Each structure stands twice: as C-alpha cells, then as structure tokens.
Amino acid sequence: MKSLIKFLKHNYKSASFGWSLTFLSSFGQTFLISLYVPELLETFQISEGTFGSIYALGTVIASVVLIAVGHTIDHKPVKKVVFLNITGLIVSCLILSISTHHISLLIFAMIGLRLTGQGMMSHISQTIMSRYYGANRGKALSIAALGFPMGEALFPICITTLILNFGFEFAAQASAAILLLYLLFLSFKDLKYFDEQSQVVKKPGFKKLAQDFGSILQDKRFGVLMPSTFMLSFTSTAVFLYQYTFIEEKGWSVSLYAAFFTGYAITRFLMSIVGGLWVDKFTAKRLYRFFLIPQALGLLPFAFMESIWGALLFLIMTGVTMGVAGTVKSAVLAEMYGIQKLGAVNSLFSMSMILSTALAPLLIGFLIDQDVAFPYLILTLFGLLLLAIVNSQRLSQIPPIDEN
C-alpha cells in the first residue's frame with residue numbers, strides 16, 4: 001500500500017486522467033442504460049424483448065466499429081482522440097433525449113452510447129495507462145479501474161432522481177451537460193506527455209491494419225486470452241441484467257438483495273487497488289490464469305443455496321473477480337503483446353468484451369423463455385467459465401514480450 005501512495009504522490013495528474021475516462025464511461029455502460037428502460041418501454045410501447053434486440057443490435061454494431069477506430073490511439077494524439085470521442089458521447093446522449101420522435105433515433109443512440117461510452121472510453125483509458133507506465137503499470141491501471149465502481153455508486157442515484165422528477169429526456173440532456181463540462185476542462189489540459197512517452201506508431205494503411213488484425217487473430221495468444229475476457233463480461237451481464245428475475249424466482253427479498261449489492265461495490269473497489277499491487281508484484285500473466293475462479297465458485301451458492309446469503313457470497317466473489325480484472329485484463333495484453341500496437345490489440349479484446357454483453361441477454365433471455373430452471377442456467381454459466389479457466393492455463397507456456 002505504501003508503494004501505491006508513493007506512486008500517487010508522483011503521478012496523480014496522469015493516473016487521475018485514466019480514472020476520469022473510466023468514470024465517464026458509465027454513460028454507455030449497461031447498468032446506467034438500464035435505468036432508462038422502463039421509460040423507453042412505455043414511450044415506444046415495446047416489450048422487454050424488443051428493447052433487448054435493439055440494445056443487442058446497437059452493441060454488436062458498436063463492437064464492429066470499435067475495430068475500425070480503436071487503433072487510432074496508437075498513432076493520434078491522446079487529447080485529440082479523447083476530445084472527438086467525448087464529443088461523440090455527448091451527441092449520443094442528445095440523440096437519446098430526442099429519440100421519442102422516432103425509434104430509429106433510439107437505435108442510433110444505443111450504437112453511439114455503447115461505442116463511445118463503454119467501448120472507447122474504457123479502451124482509451126486502459127491502453128494509455130498500460131502503455132505509459134512500465135513497472136508501475138498495475139498501480140496505474142488499478143487507479144483507473146476505480147472509475148468503474150465509483151460510477152456504479154454515484155450515477156444511478158443521480159440519473160434515477162432526474163428521470164423520476166423530470167423524465168428521461170432531461171436526464172439524457174443533463175448527462176450531455178456533464179460531459180460538455182469535462183470537455184471544456186479537457187481543452188485546457190496538457191496531455192502531450194502521453195504522446196511523447198508512448199512510442200506512438202505511424203498510422204497504418206487499411207491493408208497493413210487488416211494484416212495486423214489477422215496476425216493477432218491467428219496468434220496462439222489470442223486463443224488463450226480471449227475466452228476469459230469474453231466470459232467475464234458474458235457472465236456478469238447475463239446475471240446482472242436478469243438478477244431481479246432470478247431473485248424473485250428464488251423467493252428472496254429484493255430490498256435485502258439490493259442492500260447486499262453494496263458488498264459487491266465495496267469488494268470490487270478494494271480489489272481494484274489490491275489487483276494493481278498484485279500485478280506489479282506477481283505479473284498479470286500469472287494472475288490471469290486464476291482471476292475468474294472466485295466468480296465461478298460464487299455462482300454455486302447463488303444457484304443452490306436456499307438462503308439469500310448465497311446471493312451475498314456470489315456478489316462478494318464476483319466483486320473479487322471484477323476488481324482484479326480491471327487491472328489484469330489490460331496489463332496482460334501489454335505483457336504478452338508489447339506496447340507498440342497496444343491500441344489495435346486492445347480494440348480486438350474490447351470488441352469481444354462488448355460483443356459478449358450483446359450475446360448474453362439474447363442467450364439467457366431465450367433460455368428463460370424456454371422455461372429452463374434457474375439452477376441449470378447458472379450451471380451453464382459455471383461450465384463455460386470453467387472451460388475458460390482451463391484454457392487460460394496454457395498461458396504459462398507462452399513467454400511475455402520483453403519491453404526493455
């Protein structure tokens with residue numbers, strides 16, 4: 001912990017920039033968009049399934065576009081990339097606020113929010129933190145990752161209050177206003193040190209970019225690393241999106257479960273810090289082979305315990321995995337691929353993560369519609385996680401890139 005405090009003392013400004021990006025990525029995250037759903041369903045007179053299809057479509061499109069634009073952080077000034085992305089996020093919030101005019105606007109809003117919010121904001125933060133810091137990469141990523149749980153703690157209260165009192169249109173406009181204020185602050189901020197220290201590569205042509213992506217996909221490292229990244233987001237989205245459906249089926253108290261969720265937020269926050277210290281001490285390559293285990297084990301009491309304490313165990317165990325993952329997922333890419341083309345590498349993994357958040361609601365929603373029992377749904381997720389964990393053990397056979 002002393003090393004983290006010392007790190008913050010000397011790197012507060014640069015590390016806090018990474019934090020601000022993950023914090024503001026909340027505007028495109030599932031947990032925040034879900035707050036608008038009841039109002040949107042009533043406004044457009046559509047079912048949950050129809051909205052789920054719109055959300056999945058927007059997410060899939062966003063994940064594909066991310067491939068085309070994610071590499072820009074490798075060869076464009078950081079300030080320019082962030083400025084353009086936040087502008088896109090502001091426009092997306094404004095489109096959401098006027099989406100009542102036509103449902104097509106809602107589709108465009110979902111694409112924009114998922115691309116510029118969850119996708120690019122997280123991608124940029126994790127890429128520059130991984131690239132700028134060497135021996136302190138874990139600490140920098142852990143500070144940046146704290147933006148996720150802090151956004152989960154603050155924004156739902158604010159946005160829900162605005163929706164209940166003024167409607168979802170005003171809440172979306174207020175979100176755009178918050179982002180605009182940050183954009184004004186950003187215009188006065190000097191971020192050239194990220195460009196000077198990052199070994200930014202020359203912009204590749206389309207052919208070269210296609211070759212780079214092709215070589216990444218064919219490389220053994222991708223097949224070892226990607227399934228764990230995919231399953232982390234897939235499992236979390238599948239459970240959290242339908243969590244209250246599961247709680248009602250188990251006959252548990254919804255209010256008590258909501259209170260237990262605080263345990264998840266606290267655990268994730270603490271493990272984000274611990275995870276960064278562990279990465280610098282043990283390397284991300286070592287931790288990556290085991291970080292999914294707590295979440296996998298937590299699924300079992302969630303599915304089979306009759307007491308609601310099973311839900312608390314699941315939330316705490318998932319908090320451990322999600323906290324550590326915030327640092328480990330990004331750091332392992334830098335260790336295994338190097339930093340020269342980290343933006344391109346990270347964009348592929350970000351795409352798989354975003355794609356998983358689109359597929360999870362479709363698969364689990366379909367199984368629920370087919371009356372598949374809750375324990376079997378959870379066992380399915382447990383089995384998929386177990387396969388990803390076993391597959392990740394192959395990482396021990398692959399040497400990391402020497403960055404020196």
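Predicted model: local features only at pLDDT ≥ 70, side-chain atom pairs only at ≥ 80, totals over all residues.
Helices are DSSP runs of H or I with at least four residues, numbered from the N terminus. Lys139 counts as buried because its relative accessibility is 8%, whereas Asp280, at 25%, counts as partly exposed; buried means under 20% relative accessible area, exposed over 50%, and partly exposed in between, with a 1.4 Å probe and protein chains only.

Residues are numbered from 1 along each chain as its sequence is written. Local features need pLDDT of at least 70 and side-chain atom pairs count only at pLDDT 80 or more, while totals for chains, interfaces and linings use all residues, and side-chain values use heavy atoms, with hydrogens and water left out.

By the salt-bridge rule the count comes to three. Another of them joins Glu152 to Arg268, whose closest N and O atoms are 2.8 Å apart, and this pair too links distant parts of the chain, with Glu152 in helix 8 (residues 147-166) and Arg268 in helix 14, 116 residues apart. Glu152 is partly exposed at 23% relative accessibility, while Arg268 is buried at 7%. A further salt bridge is formed by Arg221 with Asp219, the closest N and O atoms again being 2.8 Å apart; Arg221 is buried, with a relative accessible area of 16%, and Asp219 is partly exposed at 24%.

Helix 3 (residues 37-44) shows how burial can be arranged around a helix. Its buried residues are Val37, Leu40, Leu41 and Phe44, and seen down the helix axis they fall within an arc of 100 degrees, so they line one face of helix 3; the arc is that of the directions from the helix axis to the C-beta atoms. An α-helix has 3.6 residues a turn, so residues three or four places apart point the same way. The face of helix 3 turned away from the buried side carries the exposed residues Pro38 and Glu42. What covers the buried residues of helix 3 includes helix 2 (30-33), helix 4 (48-69), helix 5 (78-97), helix 6 (103-132) and helix 9 (168-187), where contact means heavy atoms within 4.5 Å. Just after helix 3, Gln45 takes a positive phi of about 55 degrees.

Elsewhere, helix 12 (residues 220-241) and helix 19 (residues 374-392) pack at an angle of about 160 degrees, their axes 8 Å apart. Helix 12 is therefore roughly antiparallel to helix 19, a term used for angles over 145 degrees; axes are lines fitted to C-alpha atoms, for helices over the stretch in contact, and angles run from 0 to 180 degrees between N-to-C directions. Among the residues of helix 12 that take part in the meeting are Val224, Met231 and Phe234, and those of helix 19 include Leu381, Leu384 and Leu385.

Finally, Thr318 is placed in helix 17 (residues 309-337) and counts as buried, at 0% relative accessibility. Leaving aside residues up to four places away in sequence, Thr318 touches Phe240, Tyr264 and Gln295.

Definitions and conventions
Salt bridge = Lys/Arg side-chain N within 4 Å of Asp/Glu carboxyl O. Helix = DSSP H or I, 4+ residues; strand = E, 2+ residues; numbered from the N terminus. Parallel < 35°, antiparallel > 145°, perpendicular 65-115°, else oblique.
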